[in-house]
Amino acid sequence: MSTKIIPLVFALNNSYASYTYVALYSALMSAYDYTFYDVFYLVPPDFDNQHKRKIEYLKTEFKNFNITYIDMGDNFANIVLQIPHISVQTYYRLLLPDILTAYDKCIYLDGDVMVRGDLGEVYDQIDDKCYIVGVKAPGYHMKSADNKYKYCELLGISSLNDYVNAGVLGINLKQWRQMSLVGQVKKLVEKSFPCQDQDIINVLSCGYTKKIEFKYNAMVSRLNDTSEKMQAVFTLNEIIEARNNPVIVHFADWFTKPWKSDKVLFANDWWHIAEQTPYKNELEQARGEIERYLYRNRLDVLLPMLKKQEKIVIFGYSDLGKYIWKKLSENGLDRLYCFCDNDLKKQGIYSKEEKVFSLEYILDNIAAPFFIIVSQKKSIEIKAQLVENDIPED
């Protein structure tokens, strides 16, 4: 079979170079023999040459790629970020149609992904009828009807039905150029949308988005979620397939990074690749950051902070949840208000000592609740659920 050239784009800075290296490495090792990736790194002016030298090392192992570094200058330098753990570099992709003028379409990947299949599976799904190809962002599709309406009003679109996660995208560069979409970017950037450039991409492509299977952007925080709400977004078979045979694994949330915690799904697979890279020692130094953070924040550290909260909610009505409630009470914490649980069978339990409500009820009836997540199996999913409902991550 003749060589198939696929333009592949990453946007990064110095602090994300090591993770992006692992993402690129995973793509190269998973490609078909006939696939050649024309890789583009969109970087800021201060991108360190040491990272470029390490890419040269990658060329000694793989022959199926070429890489071009594109200095993005001061583009988006004055952006006011709405999400602290996301950098301005993600905005660079908004200019891709004017940068990759030799191509009609491309693949864009965030640096926190691990590729386990050939990217041609996504690339081939970009057709003339769509502006982008992507996987639905579950949280937006799981919002209440009222919250969907409010978010649509904010973005100025008619529906969230097409809303996708922007960490894995097939971009129809030709259509973007024909529709002069880049020309609309500056005006949309000034609106400071909550989800930043992801919102902008979805606004520009609303009505012209091709949605593809969950396995092409298998967000690890969602892979164990088989709730009714989740199955309204993806079929149960899609969820199972994404968990068992993902083509692209996406460590999308700040708390589901394999370099922060070995307990994250697919962390061992990610580390198997990372340990083969020249960033191995550097990455090892940060390994287990979340576990160390949790150790530092022992009960004696947490209590003074918890005593400043007005109404504390224990998310997880279980023996462990009740044990934590008891221990906090014994240590003088009198701000405990109620339990929260997603299990319909537990919701509605109400006594002097124990009250269990749904998250929806709590958000509608309790001002500024402070959540403590107590779950041995669902903590990642619960945190994602809270974040999606605009609960501050701290």
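**Entry 1: helix 2 and its neighbours**

I looked up what the buried residues of helix 2 pack against in this predicted model, and I found helix 1 (17-30), strand 2 (35-43), strand 3 and helix 13 (280-286). I then listed the buried residues of helix 2, which spans residues 49-59, and they are His 51, Lys 54, Ile 55 and Leu 58. Viewed down the axis of helix 2, these buried residues fall within an arc of 105 degrees, so they line one face of the helix. I reminded myself that an α-helix has 3.6 residues a turn, so residues three or four places apart point the same way.

**Entry 2: the start of helix 2**

Next I checked which residue caps the N-terminal end of helix 2, and I noted Asp 48, with a side-chain oxygen 2.9 Å from the backbone nitrogen of Gln 50.

**Entry 3: positive phi values**

I placed Phe 76 in the loop between strand 3 (65-71) and helix 3 (96-99). Is Phe 76 buried or exposed? I recorded Phe 76 as buried, because its relative accessibility is 15% and the cut-off for buried is under 20%.

I also found a positive phi of about 50 degrees at Ala 368, again not a glycine, and I located Ala 368 in the loop between helix 17 (359-365) and strand 14 (370-373).

Terms used:
Residues numbered from 1 in each chain as written. Predicted model: local features only at pLDDT ≥ 70, side-chain atom pairs only at ≥ 80, totals over all residues. Heavy atoms only, no water. Helix = DSSP H or I, 4+ residues; strand = E, 2+ residues; numbered from the N terminus. Buried < 20%, exposed > 50% of the residue type's maximum accessible area, 1.4 Å probe, protein only. Arc of directions from axis to C-beta. Contact = heavy atoms within 4.5 Å. Polar contact = N/O pair within 3.5 Å; in protein donor to acceptor, adjacent residues only side chain to side chain.
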